[in-house]
Amino acid sequence: MATNYDYEEAPANYDETHRQDLGYDPNFVPDSVKSFVGHLYRHIREKNVYEIHQMYEISFQTLSDRLFKDTPWPSVDAVAHYVDNDQVFCLLYREMWFRHLYARLSPTLKQRIDSWDNYCSLFQVVLHRVVNMQLPNQWLWDMVDEFVYQFQSFCQYRAKMKNKSEQEIALLRQYDQAWNVYGVLNYLQAFVEKSNIMQILEQEKEGLEQFTATDGYDYSGGSNVLKVLGYFSMVGLLRVHCLLGDYQTGLKCLLPIDISQQGVYTSVIGSHITTIYHYGFANLMLRRYVEAIREFNKILLYIYKTKQFHQKSPQYEQILKKNEQMYALLAICLSLCPQVKLVEETVNSQLREKYGEKMARMQRYDDEAFAIYDELFSYACPKFITPSAPSFEEPLVNYNQDAYRLQLKLFLYEVKQQQLLSGVRTFLKVYSTISLGKLANYMEVDEPTLRTILLTYKHKTHAVDSDGKIISNADVDFYIDDDMIHVVESKPVKRYGDYFLRQVVKLEGVINDMDRIKLE
């Protein structure tokens, strides 16, 4: 049972109120913060994951809302002697300190660099020393998530060169290794390799490991920190590669995790959503629309069913935002590859409500349709980055939009190429067989041009999956035999098992309700 510590409900005392009137003093530590760090330190030493999770998720937020709405927490030097000057605890405290600063305030360039240094120190400890701790999955996920977010934020900040002061430019030159793209990728890759997570997941398939069954925790007294950081780093690598526009590599990094199954990535809602959002987006950009539709459908259904349980969570707003973005991406996928049968009724009705009208206009492939593709892509895509440092010699310009413009241009080029296909698809849906001459006539082109269009259709409705196999995205396929086009419409596979499972669950519910009724 969670202990209710005095700092959760205690009214702000005179010292705290007085301090807020005078402005922020990094060396002033309110009693509630002394109590908080003391208890958190003790629970970490005792490996009491449940209590750590309560304090991390609830108490830290409560104190932040009450005392540090628009100021940072007390400095690490001010709290260090309440935790025996423990180096690892101080690094963890600073990690939370910087995360709070990024969430509530605007970090200065020096603070961005200091946060990078703190991550380097913390990660070096985890990679090269024996870390005898168990931390909640939520915290370990937030660590990887925030690390990638701060890297992205730094790249965006550095790319806005126009209004930088001389002092900022001097700092950027001096600390040119801070948030370096290779440094970020190397740390994430080092976690994957040092944790042996790929081998662990492989052995789990053979029944030799219990990593997923225990949600990554080590109940035999060991530490979960390196293993779980290694696991979440695979998701971090997918995200970084998506930000760089390298979707193939991103999906390769995620391969050890079987996303068709529940896994440790589904144990934290933020990790679950981030994984599927980037996985779906990468598949969309690689023209694997069916795979993207399938995964977006599953996660949107999951959010629909569970979002009420996360209303008090600090991640709630982020969940809602990603939910909206994924509906926009699903609208794009279904407009380019109309496989509505892959989408559950609940998700489909939500999608129609949000984007029904726009999707009808997107089918027309005129200027208005392109404007909608542009709008939805811009709203739902990741914040792409240019990872290289600016040239300090030339006139200073803002290049923070360059990567996004390039990805948008590539995407709209793909949409334009799909324009040819909408006409072909319409005719193929009407006929089971049609001669080349007749179809050429209907489409008002000559036969050689029609053959080119049909070849383009074949090319554009097929993609290469992660195993190198060619997969079809076509809802309507065809083959040509002696100048006759034979149409093969894909039939959805009927899944009787799902239907019966749902009925069994319903029946069990009815029986439980009947058991609860006391007969007079």
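This is a predicted model: local features need pLDDT of at least 70, side-chain atom pairs count only at pLDDT 80 or more; totals for chains, interfaces and linings use all residues.

Trainee: Which helix does Leu-40 lie in?
Mentor: Look for the run covering residues 31–45. The helix that holds Leu-40 is H3.

Trainee: Which residues does Leu-40 touch?
Mentor: Contact means heavy atoms within 4.5 Å. Leaving out residues up to four places away in sequence, the partners of Leu-40 are Ile-52, Met-55, Phe-89 and Trp-139.

Trainee: How many residues are in the largest nonpolar core?
Mentor: A nonpolar core is a set of buried Ala, Val, Leu, Ile, Met, Phe, Trp, Tyr and Cys residues joined through side-chain atoms within 4.5 Å. In soluble globular proteins, nonpolar side chains tend to be buried together. Here Leu-135, Trp-139, Met-143, Tyr-231 and Ile-332 have the most contacts inside the largest core, and its size is 146 residues.

Trainee: Which helix gives the most to this core?
Mentor: The top contributor spans residues 225–244 and supplies twelve residues. That is helix H12. A second, separate core of 17 residues includes Leu-439, Leu-450, Tyr-457 and Phe-478, but the helix you asked about is H12.

Trainee: At what angle do H10 and H12 cross?
Mentor: Axes are lines fitted to C-alpha atoms, for helices over the stretch in contact, and angles run from 0 to 180 degrees between N-to-C directions. H10 covers residues 181–194, and its axis comes within 7 Å of that of H12. The crossing angle is roughly 145°.

Trainee: How many nonpolar residues are in the contact of H10 with H12?
Mentor: Ala, Val, Leu, Ile, Met, Phe, Trp, Tyr, Cys and Pro count as nonpolar, Asp, Glu, Lys and Arg as charged, and the others, Gly among them, as polar. The contact includes Val-181 and Leu-185 in H10, and Leu-226 and Gly-230 in H12. Five of its residues are polar and one is charged, while the nonpolar count is twelve.

Trainee: Are H7 and H9 roughly parallel or roughly antiparallel?
Mentor: Helix H7 (residues 109–128) and helix H9 (residues 166–174) pack at about 20°, with axes 10 Å apart. Angles under 35 degrees count as roughly parallel, over 145 as roughly antiparallel, 65 to 115 as roughly perpendicular and the rest as oblique. H7 and H9 are therefore roughly parallel.

Trainee: What is the relative accessible area of Asn-400?
Mentor: Asn-400 lies in the loop between helix H18 (367–380) and helix H19 (402–430). Among the residues Asn-400 touches are Gln-156 and Phe-384. Asn-400 is buried, and its relative accessible area is 13%.

Trainee: And what share of the residues of the protein count as buried?
Mentor: The protein has 22 helices and five strands. Of its 520 residues, the buried share is 51%.

Conventions. Residues are numbered from 1 along each chain as its sequence is written. Side-chain values use heavy atoms; hydrogens and water are left out. Helices (H or I, at least four residues) and strands (E, at least two) are DSSP runs, numbered from the N terminus. Buried means under 20% relative accessible area, exposed over 50%, partly exposed in between (1.4 Å probe, protein chains only).
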